[in-house]
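I opened my notebook and went through this one step by step.

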Amino acid sequence: MAEFAVARDWGRYHTPKNLAAALSVEAGELVEIFQWLTPEESARVMADPASGARVEDEVADVLAYLLQFCEVLGIDALAALSAKIDRNEKRFPAPGNGHSME
C-alpha cells in the first residue's frame, strides 16, 4: 500500500489527521450498508453477492486506511492489538477465573 501511494505521489496527503478522517469516512460507509437492516437481514448480508461485494470493498478500505495510519505513525498494529487484549483480560476477567471485577 505504501508503494501504491508513493507511485501516485499521495504521501503528502497521508498525514495522521487525514488518514484518521479517511478511516472514519470509510467506517461510516460500512455502517451505511447496515443502517436500516434488521438484525436478521444484517446477519445474511453476505448471502447476496451485490451487498457482500459492497461489504468486502468497505472492509478493504477501512483496513487499508488503518494500516496506512499505523505505518505513518510507526505503530505495529498486531503488537498494539495484543497489548490491548492483555489490558482487557485484566480489566474484564472471564467469570470463574478467580479474579474479582474491579
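This is a predicted model: local features need pLDDT of at least 70, side-chain atom pairs count only at pLDDT 80 or more; totals for chains, interfaces and linings use all residues.

**A histidine in a loop**

I started with H14, which is buried because its relative accessible area is 16%, under the 20% cut-off.

Where does H14 lie? I found H14 in the loop between helix 1 (2-7) and helix 2 (16-34).

Next I asked which residues H14 is in contact with, leaving aside its neighbours within four places in sequence. My list reads A5, L19, Q68 and V72. With one of these, Q68, there is a polar contact: the side chains of H14 and Q68 come to 3.1 Å.

**A serine in helix 4**

I then moved to S51, which sits in helix 4 (residues 49-73). Is S51 buried or exposed? Its relative accessibility is 15%, so I wrote it down as buried; the limit I used is under 20%.

I also checked what the side chain of S51 reaches.

**Helix 5 and its cap**

Helix 5 covers residues 77-91, and I tested its length. With 15 residues at 1.5 Å a residue, the span should be 21 Å, and the end C-alpha atoms are 21 Å apart, so expectation and model agree.

What caps the N-terminal end of helix 5? I found D76 there, with a side-chain oxygen 3.1 Å from the backbone nitrogen of L78.

**The chain as a whole**

Stepping back, I counted five helices and zero strands in the protein chain. Read from the N terminus on, the order of elements is α-α-α-α-α.

For overall dimensions, I noted that the C-alpha trace spans about 55 × 40 × 20 Å along its principal axes. The radius of gyration of the protein chain is 18 Å, whereas a compact globule of 102 residues would have one near 13 Å.

How much of the chain is buried? Buried residues account for 17% of the 102 residues, and H14 and S51 are among the buried ones.

I took the surface next: the accessible surface comes to about 7,900 Å², and carbon and sulfur atoms hold 61% of that.

My last entry is on contacts along the sequence. Of the contacts between residues at least 6 apart, 56% join residues at least 24 apart.

Definitions and conventions:
Residues are numbered from 1 along each chain as its sequence is written. Side-chain values use heavy atoms; hydrogens and water are left out. Helices (H or I, at least four residues) and strands (E, at least two) are DSSP runs, numbered from the N terminus. The expected span of a helix is 1.5 Å times one less than its number of residues. A polar contact is a pair of N or O atoms within 3.5 Å; within protein, one must be able to donate a hydrogen and the other to accept it, and residues adjacent in sequence count only if both atoms are side-chain atoms. The radius of gyration is taken over C-alpha atoms; the globule rule is 2.2 Å times the number of residues to the power 0.38. Buried means under 20% relative accessible area, exposed over 50%, partly exposed in between (1.4 Å probe, protein chains only). Contact means heavy atoms within 4.5 Å. Accessible areas come from the Shrake-Rupley method with a 1.4 Å probe; for residues, only the protein chains shown count as cover.
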